[in-house]
Every structure is written in structure tokens, then in C-alpha cells.
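Thanks for coming. I have one structure to show, and I will keep to a few points.

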Amino acid sequence: MQDMELQALAEQISEQYFGRPFKHRAIFNAHLRTTGGRYMLQTHHIEINPKYFQYYGTTEVIAILKHELCHYHLHLLGKGYRHRDRDFKELLAKVGGQMHCKPLPQDEKTKRTIHFYQCVECGLVYKRKRRMDPRKYACGNCSGKIQKVEEILD
Ligand SMILES: [Zn+2]
Ligand SMILES: [Zn+2]
């Protein structure tokens, strides 16, 4: 599924289940990790995790879109758009949405953590699959000090 098809699907579900137009953008965002989708309060855009389409197909994308469209429409209508709000729970039930999306299968790839270290002197970045104590190492390029910068999953 491409962004254009996702956009068309979001517009269709919005009309069909909410009786209101979806006038913003729905796009795939490969950087989403644990969540199936998110609604951006500032831009009103909806982002969908493409892994959910890869693993579960269109059915799960529709379920996620229903959830995000509840946030979207309630927010634009000035109603309770947060998970804890009664408005949200009622609308979600009405359109047959779900509060939580399925967990993604925990294969080796999604589970693996990569540790990032960076030289404070020259900025060279080191990627390691295992955690290491940066105090015990020096930069291979300039012998500068190394520090941990970020931890991400891929
Ligand atoms: Zn939500
Ligand atoms: Zn260095």
C-alpha cells in the first residue's frame, strides 16, 4: 500500500463511519516503532506504521485508522479526544475501533537494540550491537573521548 492509497482509505473510512470528511494527510511513517499510528495535534495529520500493513494487511490498517480518526474528529470538534475521555471511548465503540493495536511480532530484527557512541572530539559515530563502557575506549580516529549518544531499535 502506498501513501496515496492510505490517503484514499482514510477519506473513505472517515465518510463511511464518521459521516465527516478527512481533510488532512494520512501517511506512512517508518520511524514509528511500538505504535500502529498517531494523530498529530499540531498538523492534524495521521501517521501509520507501515509494519502493521506488512504484518497484518489492510484490516489492521483500517482498525488503526478508525482509532486515529476518533482522535482527529473529536479534536477538531473541540470534544474529549484523549484516551481517557468519555467522548473518545464512546465514539471508538460506535465505529468499532479498538483502544490498542496488536503487538508486532517480536522477531530478531525488531528486538535488536543498537547502541550508538560518538567521539566528543571529532564526532565520529560508532554503532555497537552490545552495550560497552565508553570510558574504556578511545576514538580510533583521533583518540578522543567517547560517549553514549542514543539507543534505538531497528
Ligand atoms: Zn490513540
Ligand atoms: Zn575522534
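I will go through the metal site, then a pocket, then one lysine. Bear in mind throughout that this is a predicted model.

The metal site first. The zinc ion, ligand 1, has three histidines as its protein donors: H67, H71 and H83, each through NE2. The donor atoms lie 2.0 to 2.1 Å from the zinc ion. Written along the sequence, the spacing of these donors is H-x3-H-x11-H. H67 sits in helix α3, residues 58-76, while H83 is in the loop between α3 and α4, the latter being 86-94; the pair therefore ties together parts that are 16 residues apart in sequence. As for accessibility, H67 is buried, at 7% relative accessible area. H83 is partly exposed, at 37%.

Which element gives the largest share of the lining? That is α3, with five residues. Strand β2, residues 37-39, and α3 each supply at least two.

Last, the lysine. K66 is also in helix α3. K66 is buried but has no salt bridge. The nearest side chain of opposite charge is E60, and that is 11 Å away. So what is K66 in contact with, leaving aside its neighbours within four places in sequence? The contacts are I13, Y17, F18, V95, G96 and G97.

That is what I have; questions, please.

Note on methods. Residues are numbered from 1 along each chain as its sequence is written. Chains are lettered from A and ligands numbered from 1 in the order in which they are written. This is a predicted model: local features need pLDDT of at least 70, side-chain atom pairs count only at pLDDT 80 or more; totals for chains, interfaces and linings use all residues. Side-chain values use heavy atoms; hydrogens and water are left out. Donors are N, O and S atoms within 2.8 Å of the metal (3.2 Å for Na, K and Ca); water is not among the atoms, so sites may look incomplete. Helices (H or I, at least four residues) and strands (E, at least two) are DSSP runs, numbered from the N terminus. Buried means under 20% relative accessible area, exposed over 50%, partly exposed in between (1.4 Å probe, protein chains only). Lys and Arg count as positive and Asp and Glu as negative; His and the chain ends are not counted. A salt bridge is a side-chain nitrogen of Lys or Arg within 4 Å of a carboxyl oxygen of Asp or Glu. Contact means heavy atoms within 4.5 Å.
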